[in-house]
Amino acid sequence: MEHNAQQAQKEKIMEHNAQPSKNPTSRRSFLRKGLVVGGAGTIGATLLAGGLPAFAEERSGGLTKGDIAILRFLSAAEILETDLWQQYNELGGIQDSEVPGGSGSAPYAAALAVLDADMSQYIHDNTEDEFTHFTFINAYLVAKGADPVNLDKFRTLPSSKATGAQQIGRLTNLMQLSVDTSYWTKYRSRTKNPDFGDTFPPAVPGLLQGKFPAIPRDDTDLSPADHLQAIANTAGFHFAFIEQGGTSLYPSLAQRVTHHDVLRILLSIGPTETMHFQTWQDKAGNAPALTDPTNGLVFPDLNASGGEDTQTNLIMPEPTVFLSRKFPVCSIIRPTQTQGAAMGALKALTDDGLFIGQSPEFFAVLHDLAEAADAARHGG
Ligand SMILES: [Fe+2]
Ligand SMILES: [Fe+2]
């Protein structure tokens with residue numbers, strides 16, 4: 001197993017992160033200050049209600065149980081994002097000191113470059129962003145005396161065997177994806193909003209009708225040319241799918257947090273997901289129309305097939321209904337409904353095929369993290 005610098009750095013962080021919860025002394029001293037998790041939550045709330053904000057501030061920042069649950073779910077989501085982006089970067093991005101690991105696949109990178117000459121740079125930067133997201137959230141959790149999230153035991157899925165990929169265990173599977181491209185038409189509609197129960201047709205229906213690789217599984221996937229381009233196209237649409245999910249997840253969960261620093265964290269990370277999504281949607285619009293000769297997957301000419309709903313230069317959100325149909329339409333992120341947002345995100349990632357091959361325990365852990373996040377209440 002290749003042991004690169006990023007992995008070593010990750011392990012160092014995890015080791016450090018694991019210490020506070022294992023150390024009974026720090027746990028006790030933290031409890032003395034009024035830890036607001038589990039049974040101590042009631043005490044903290046009582047003190048707050050009694051008008052002792054100075055003390056409340058002292059008790060490790062005053063995070064509620066719900067704040068911690070939301071941060072822990074987001075940390076898990078970011079770890080999963082990092083894992084998938086890392087796989088893309090090893091083969092199609094830029095491998096450097098900021099994002100080490102892998103040595104690149106020139107044919108795959110060239111196919112991605114058909115979508116934009118800067119694809120490798122964007123893949124690199126998105127990967128680094130995800131790494132900082134989970135690392136920051138975990139460090140913040142530790143600073144507040146809460147347990148960070150560590151999914152290392154679930155790094156069991158195989159790597160691509162293509163030249164350029166590290167041979168290490170993965171959390172996510174990029175080789176059997178069913179990419180839902182309805183985000184495309186969702187952001188084009190002027191009358192519908194998923195928060196109103198509306199549904200949207202996928203821009204690339206074929207991507208939902210099978211299980212397709214978004215990275216070369218091995219070097220035999222590097223030809224014929226239209227097969228490799230179909231893999232790169234799949235990646236291009238998958239990038240936007242992943243990042244539009246983060247675009248909705250952060251504002252949805254922000255409505256449930258209590259502490260102002262936690263709100264600030266969600267409001268500061270969330271829009272970076274949106275910056276990613278906007279970029280990726282623009283690039284996916286450049287994916288060439290073709291049919292994969294090996295499996296029949298069709299990438300249609302989006303400018304010919306769906307009218308304005310799939311016109312490729314319409315990458316900014318169309319205004320649509322928001323909160324109530326009685327209001328004028330508004331250009332917004334959608335959905336932002338907070339009910340069941342974490343579980344919805346987990347379901348979307350699962351339906352995407354990202355976790356094919358994962359253990360029942362993996363799904364149980366993720367389910368519990370999502371359930372706890374969705375149970376959080378603002379002020380509760
Ligand atoms: Fe992220
Ligand atoms: Fe992201």
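E90 and R170 are both buried (under 20% relative accessible area with a 1.4 Å probe and protein chains only; over 50% is exposed, and partly exposed is in between). Their side chains meet in a salt bridge, 2.7 Å from N to O, where a salt bridge is a side-chain nitrogen of Lys or Arg within 4 Å of a carboxyl oxygen of Asp or Glu. The pair ties together distant parts of the chain, with E90 in helix α5 and R170 in the loop between α7 and α8, 80 residues apart. Helices here are DSSP runs (H or I, at least four residues), numbered from the N terminus.

A word on the model: it is predicted, with local features needing pLDDT of at least 70 and side-chain atom pairs pLDDT 80 or more, while totals for chains, interfaces and linings use all residues. Residues are numbered from 1 along each chain as its sequence is written, chains are lettered from A and ligands numbered from 1 in the order written, and side-chain values use heavy atoms, with hydrogens and water left out.

The structure holds ten salt bridges. D152 counts as partly exposed because its relative accessibility is 27%, whereas R155, at 17%, counts as buried. K283 and D282 form a further salt bridge, at 3.3 Å between the closest N and O atoms. Here K283 is buried at 9% and D282 partly exposed at 29%.

Leaving aside residues up to four places away in sequence, Y88 touches several partners, including Y108, L174, A235 and F239 (contact means heavy atoms within 4.5 Å).

Helix α9 (225-254) also gives the most to the lining of the largest pocket, with nine residues. The pocket has a volume of about 970 Å³, taken as the space filled by probe spheres set on grid points joined across faces, edges and corners. A pocket is an open set of points on a 1 Å grid over the protein atoms alone, where a 1.4 Å probe fits, with protein on both sides within 12 Å along at least five of seven lines; lining residues have an atom within 4 Å of a point. The lining counts 42 residues, with K186, Q244, P335, G344 and A348 nearest the centre.

How values were computed:
Helix = DSSP H or I, 4+ residues; strand = E, 2+ residues; numbered from the N terminus.
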